[in-house]
Amino acid sequence: MGDVLAGNHATWEFDTDSLLIRFERGIRTPRLFQSLRERRVPYAALSSVTLSPGKRGTVVLHAVPRPGADPLLEAAAGQLKEGCDPYRLSLPADRETLAEYYADELRSVLGPEASEPADRFLVAAPEAPMQFKAYDGRAGFDGSRVSFRWSWTGASSAKWKAGDQTFPVAELSGVEWRSPEAMEGYLRLVPRGAADTDGPAPASGQGAPEPATGRVQADQDPAAVLFGLGYGPVHESLPFAAAVLESVRRTQPAPLVPASAPVGGPLHDPAAVAERMRHLGELHRAGLVTDDEYSAKKAELLAEL
């Protein structure tokens, strides 16, 4: 598209294959936006686009990501308030016609897989190294290891007995982030092997996960740091959680899904397979799929014919 749309707190730049969101820096801009600075969102990462009335004479253009496409939203698990949603652009109501034009333009570039969950992250996570101060310690991430250094004023005796902790991301299966704006907020790392039994708590309808029955409380768990008033704020702890989650997913092998071909016919409609191959070629040309991934997936699609 090559156009630019400026709204409250952010500017959207429409490139040929992606949306570049640049966030403003200012006293009224949410601190999470200031922390993120900018985000490049491939059109392949979007599932839909909506335009709706906003507050105080505004309209809101909302680009909705596919589930599993953005590590930031995956880590947030529905806990972000609307005002901190990086995919919402607020504009004056008198620009509604212009916003509708761009909404239609975005809808026109959505691919055939827009309605499906993404099988990998398509939006880049915030970059390491990063750190933040929690209530009971300091968390750090260098890109390959997460470290917790306990505070003598806030850490429980259980954490002091366990000592400072270091977790290679290769030994983790996930990250659980509970917003510091909720009661008993925390960041918990889930070791591999623990996910089958204790696993991250599922998100409720309002987005705030509830602790699973029988789990160690976060203040006693050496794999977790606690939040509190002024400790682990969203703009620091959420990008941290997203960066760790992206690294964890990157170290995990892709799941193998065995195919079972029906007797006497192809697995899928040839036209549908051809469309998927076309879309795969677009992702490859855009640099979103490596040469090896492209060759492997193309072979899988050809095998379906």
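Biologist: Which side chain meets that of arginine 88 in a salt bridge, and how far apart are N and O?

Modeller: The partner of arginine 88 is glutamate 82, at 3.5 Å from N to O. A salt bridge here is a side-chain nitrogen of Lys or Arg within 4 Å of a carboxyl oxygen of Asp or Glu. The model is predicted, so local features need pLDDT of at least 70 and side-chain atom pairs count only at pLDDT 80 or more, while totals for chains, interfaces and linings use all residues. Residues are numbered from 1 along each chain as its sequence is written, and side-chain values use heavy atoms, leaving out hydrogens and water.

Arginine 88 is partly exposed, at a relative accessible area of 21%, whereas glutamate 82 is exposed, at 54%. The cut-offs are under 20% for buried and over 50% for exposed, with partly exposed in between (1.4 Å probe, protein chains only).

Elsewhere, salt bridges with shared partners join Glu13, Arg22 and Glu38 into one network. Within it, the closest N and O atoms of arginine 22 and glutamate 13 are 2.7 Å apart. Arginine 22 is partly exposed, with a relative accessible area of 35%. Another bridge links glutamate 181 to lysine 81, with 3.8 Å between the closest N and O atoms. Glutamate 181 sits in the loop between β12 (172-178) and β13 (186-191), and lysine 81 in the loop between α2 (71-76) and β7 (88-92), so this pair ties together parts 100 residues apart in sequence. Glutamate 181 is exposed, with a relative accessible area of 52%, and lysine 81 is exposed too, at 54%. Over the whole structure, the search finds 12 salt bridges.

The element names come from DSSP: helices are runs of H or I of at least four residues, strands are runs of E of at least two, and both are numbered from the N terminus.

Two strands pair if DSSP finds at least two bridges between them. Seven bridges join β5 to β6 (residues 58-65), and leucine 51 stands opposite leucine 61 in β6.

Finally, the core. The largest nonpolar core has 65 residues, and Trp12, Leu61, Leu187, Phe240 and Val244 have the most contacts inside it. The largest share of this core, nine residues, comes from α5. Such a core is a set of buried Ala, Val, Leu, Ile, Met, Phe, Trp, Tyr and Cys residues joined through side-chain atoms within 4.5 Å.
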